[in-house]
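Visitor: I am new to this molecule and would like a close look at a single part of it. Please pick one place and lead me from there to whatever surrounds it.

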Amino acid sequence: MPYADVSGQRLYYEDTGGSGSTIVFSHAMLLDRTMFAPQVAAFRDRFRCIVWDERGHGKTAADTEPGYSYSDSARDLSGLLSLLNIDSAILVGASKGARLGMMCALAHPERVRALVLIGSHAGVPDPGTVAGYRELLGRWIRGRLPDTVATKMEHIVFGPDWPGALAWKEKWRAMTISNLLSAVDASVRRDDLRDKISSIEVPTLVIHGDADATVPLIEAQAVKEAIPNAELVVVAGGHAVNMTNPDPVNAALRDFFARHRLDSRPSNP
């Protein structure tokens, strides 16, 4: 099984291999590597595509999780690049994964060729949002994800009536309380990046769903304005728009990669 021993963690990952430029995909909170299946299918013929499960998620998750920060997860991402001997990669991330990409670009700019930020934000949650998280989490735990909470989560992440939501509800029900609490706690305690990301210099594409119920479009616009020369593409859909409406997302990626000549491996200096 493809596990990487990084930072005291056993991280599950999948690697398509190949000689093309490397894309590393980092998933959103409460999702896993499979959220990028539409992108891996679209780009694996020309790129080396790597997906991984972050701490407390997917096949990386253990029965108990002692807690972690987004800084820990960003170090995991950098450590995975090192372990796989990847000098630099295109980092594609969704929500939390987008934040990990920005954090990696800030800490290790030489390792990042470009960034793609889906459903992204750089700030911290306001007290009202935190209270909402806590209330929803309490209902989830007390009722073992009752249908009302599952439907609420579906609308937050995917929007209403997406056919693939049922499978994710089953995954959410299988999460341990420990992993669930750690994931939400890490999100609540995330660092404010708004005054830092202006130093990111790599090509950056911001993609956002026009009906995102988790991150308002204004936050994605702020990320676009803060990162020099970043581009913004708004696509019809919710927070996980790369899953629910992959065709325009993949088209935006394809155009971005071509214009910045990212589909060829970087030349040695």
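This is a predicted model: local features need pLDDT of at least 70, side-chain atom pairs count only at pLDDT 80 or more; totals for chains, interfaces and linings use all residues.

Guide: Residues are numbered from 1 along each chain as its sequence is written, and side-chain values use heavy atoms, with hydrogens and water left out.

What is a pocket here? On a 1 Å grid over the protein atoms alone, a cavity is a set of points where a 1.4 Å probe fits but cannot get out, whereas a pocket is an open set with protein on both sides within 12 Å along at least five of seven lines; lining residues have an atom within 4 Å of a point. The largest pocket has a volume of about 850 Å³, a volume being the space filled by probe spheres set on the points, with grid points joined across faces, edges and corners.

(Helices, H or I with at least four residues, and strands, E with at least two, are DSSP runs numbered from the N terminus.) By type, the lining holds 23 nonpolar, eight polar and six charged residues. In this sorting Ala, Val, Leu, Ile, Met, Phe, Trp, Tyr, Cys and Pro are nonpolar, Asp, Glu, Lys and Arg are charged, and the others, Gly among them, are polar.

Arg 134 pairs with Asp 185, with the closest N and O atoms 3.9 Å apart. Since Arg 134 sits in α4 (residues 127-143) and Asp 185 in α7 (residues 177-188), the pair ties together parts 51 residues apart in sequence. Both are partly exposed: Arg 134 has a relative accessible area of 38% and Asp 185 one of 27%. The cut-offs are under 20% for buried, over 50% for exposed and in between for partly exposed (1.4 Å probe, protein chains only).

Along with β3, β4, α2, β5 (89-94) and β6 (112-118), α8 is included in what covers the buried residues of α3; contact here means heavy atoms within 4.5 Å. Ten of the twelve residues of α3 are buried, so this helix is mostly covered. Among them are Lys 96, Leu 100 and Met 103. The end C-alpha atoms of α3 are 17 Å apart, in agreement with the 16 Å that twelve residues should span at 1.5 Å a residue; the expected span is 1.5 Å times one less than the number of residues.

Lys 96 has a partner too: Glu 54, with closest N and O atoms 3.2 Å apart in a salt bridge. Lys 96 belongs to α3 (residues 96-107) and Glu 54 to the loop between β4 (48-52) and α2 (70-83), so this pair links distant parts of the chain, 42 residues apart. Both residues are buried, Lys 96 at 3% relative accessible area and Glu 54 at 0%.

Stepping back, the whole model has 19 salt bridges by this rule. One of them joins Lys 171 and Asp 32, whose closest N and O atoms are 2.9 Å apart. Lys 171 is in α6 (residues 165-174) and Asp 32 in the loop between β3 (22-26) and α1 (37-43), so the pair ties together parts 139 residues apart in sequence. Here Lys 171 is partly exposed at 34%, but Asp 32 is buried at 6%. The loop between β3 and α1 also contains Leu 30, a buried residue with a relative accessible area of 8%. Its phi is near 70°, a positive value in a residue other than glycine.

His 260 is 45 residues from Val 215 in sequence and 27 Å from it in space, C-alpha to C-alpha.

Technical notes. A salt bridge is a side-chain nitrogen of Lys or Arg within 4 Å of a carboxyl oxygen of Asp or Glu.
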